[in-house]
Amino acid sequence: MRHRFHALCPYFAMFPETFAETWLDRLTRPGDVVLDPFCGRGTLPFQALLMGRRGIGCDVNPVAYCVTRAKTNAPALGLVERRLDFLEREYRARRYERSRRELPTFFRWTYRPETLRQVLHLRERLRWYDSNVDSMIAALALGALHGETNKSPCYLSNQMPHTISTKPAYSVRFWKERGYRPPRRDVFDLLRDRARYRYETPPPRTRGFALLADMRKLPRLARQIPGPVRCVITSPPYLNVTNFEEDQWLRLWFLGGPPHPTYRRVSKDDRHERSDGYWRLIADMWRSIGRVLADRAHVVIRLGAVREPPERLLEKLVGAALASSRRTRLAHHEVTELRRRQTRSFQPGAGGCKVEIDCHFVIG
Ligand SMILES: C[S@@+](CC[C@H](N)C(=O)[O-])C[C@H]1O[C@@H](n2cnc3c(N)ncnc32)[C@H](O)[C@@H]1O
């Protein structure tokens, strides 16, 4: 059975676990340290733990950090249940009435008043940055915060996609036109239920490492890494495709952010529209990983773009590798033309990602 932690919380533009599994199997051995400097929902470090490797995930987005930390440092189910019971016992609806009323109209259309007060309680109380138990509860809440309520009882919100949070004005218009109302949900019951479901596949015994940081800081964070990195498997933001911060705005609010979409507050690299800025980001990635990679290490990169022809993507990626100050050799590459992607269905007019390349480099 597929491990149930993989789908703890969806993340836009994520790679499938089979991608991580195939390359880990091909290029690494048990005990090796593997790194994803743009880890998103943490598929690579988590899959690495499942395969007996030591997995490290780094990402600048708090949603990515929280989900990766939960997967790679999962506490026992009993601890999660006990903490949820405690949070429920200490919850006082009256305490959150004022903050509920002060939120923008969007929130009243998204959640029932009682659900929203409970969400506000968790938002205030969970120490997701420091505690393994709280990061697991926060990750479960992030996965339930919004989704296709009309089809599934697992979501807290009015009808929304589960992958991205739609914008406030658009969402309210959509619900008003269709007469959609938020569902009745008890947050504590729903999270207890979701936790039991996810833990039907037991968590890995070893722990991984989640870093909330710009990947440029990796060399300075090397002390938190358990040894030279034998393999990097990663997928940086694609060229001019999507903005993770905007896509995740409601989840970012839950983790303490403002109650509206933000741009370039979390990351200035999510969506480079111009190719010169984009290739500077990729060169910065090479510079950073070049300083933490072991000799004879491997680097696998999946990249995509809307308009660039694949030969140009390849040429630029190989050129950017010079910034690593290491001897790099392109061992293999593969191009995939994409017909229909998530990126297209949720961003009318955005065009979506048309081409992806996977490249395997060997470090000399
Ligand atoms: C294509 S996604 C990675 C998805 C991931 N492979 C998965 O399966 O979920 C790119 C990620 O890069 C992150 N990111 C953007 N700028 C960054 C930076 N400067 N340093 C680290 N992460 C960054 C985004 O937050 C996003 O999660």
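Residues are numbered from 1 along each chain as its sequence is written, and side-chain values rest on heavy atoms, with hydrogens and water left out. In this predicted model, local features require pLDDT of at least 70 and side-chain atom pairs count only at pLDDT 80 or more, whereas totals for chains, interfaces and linings use all residues.

An oxygen atom of the ligand lies 2.7 Å from a polar side-chain atom of Asp-59. A ligand nitrogen atom is 3.0 Å from an N or O atom in the side chain of Asp-269, and a nitrogen atom of the ligand is 3.4 Å from a polar backbone atom of Val-60. On its own the ligand has 610 Å² of accessible area, of which the protein covers 100%; accessible areas come from the Shrake-Rupley method with a 1.4 Å probe, and for residues only the protein chains shown count as cover.

Arg-41 is located in the loop between β1 (33-36) and α2 (43-50); helices (H or I, at least four residues) and strands (E, at least two) are DSSP runs, numbered from the N terminus. With a relative accessible area of 5%, Arg-41 is buried, the classes being buried under 20% relative accessible area, exposed over 50% and partly exposed in between (1.4 Å probe, protein chains only). The Arg-41 side chain reaches the backbone oxygen of His-6 at 3.1 Å and makes a polar contact of 3.0 Å with the side chain of Thr-43. Thr-43 belongs to helix α2 and is buried, at 2% relative accessibility.

The largest nonpolar core contains 57 residues, among which Phe-107, Met-136, Leu-191, Leu-250, Trp-253 and Phe-254 touch the most other members. Such a core is a set of buried Ala, Val, Leu, Ile, Met, Phe, Trp, Tyr and Cys residues joined through side-chain atoms within 4.5 Å. Elements giving two or more residues to this core include α3 (62-72), α7 (113-125) and α10 (187-198), and α8 gives the most, with nine residues. At least three residues of this core come from each of domain 1 (17-73 + 207-363) and domain 2 (77-198), the bounds being taken from an automatic or database domain assignment.

Tyr-65, in helix α3, is buried at 4% relative accessible area. Its C-alpha atom is separated by 5.5 Å from that of Leu-212, 147 residues apart along the chain.

Most residues other than glycine have a negative phi. Arg-264, in the loop between α12 and α13 (275-290), has a positive phi near 60° and is partly exposed at 49% relative accessibility. Arg-296, in strand β5 (residues 293-305), has a positive phi near 55° and is exposed at 62% relative accessibility.

Key:
A polar contact is a pair of N or O atoms within 3.5 Å; within protein, one must be able to donate a hydrogen and the other to accept it, and residues adjacent in sequence count only if both atoms are side-chain atoms.
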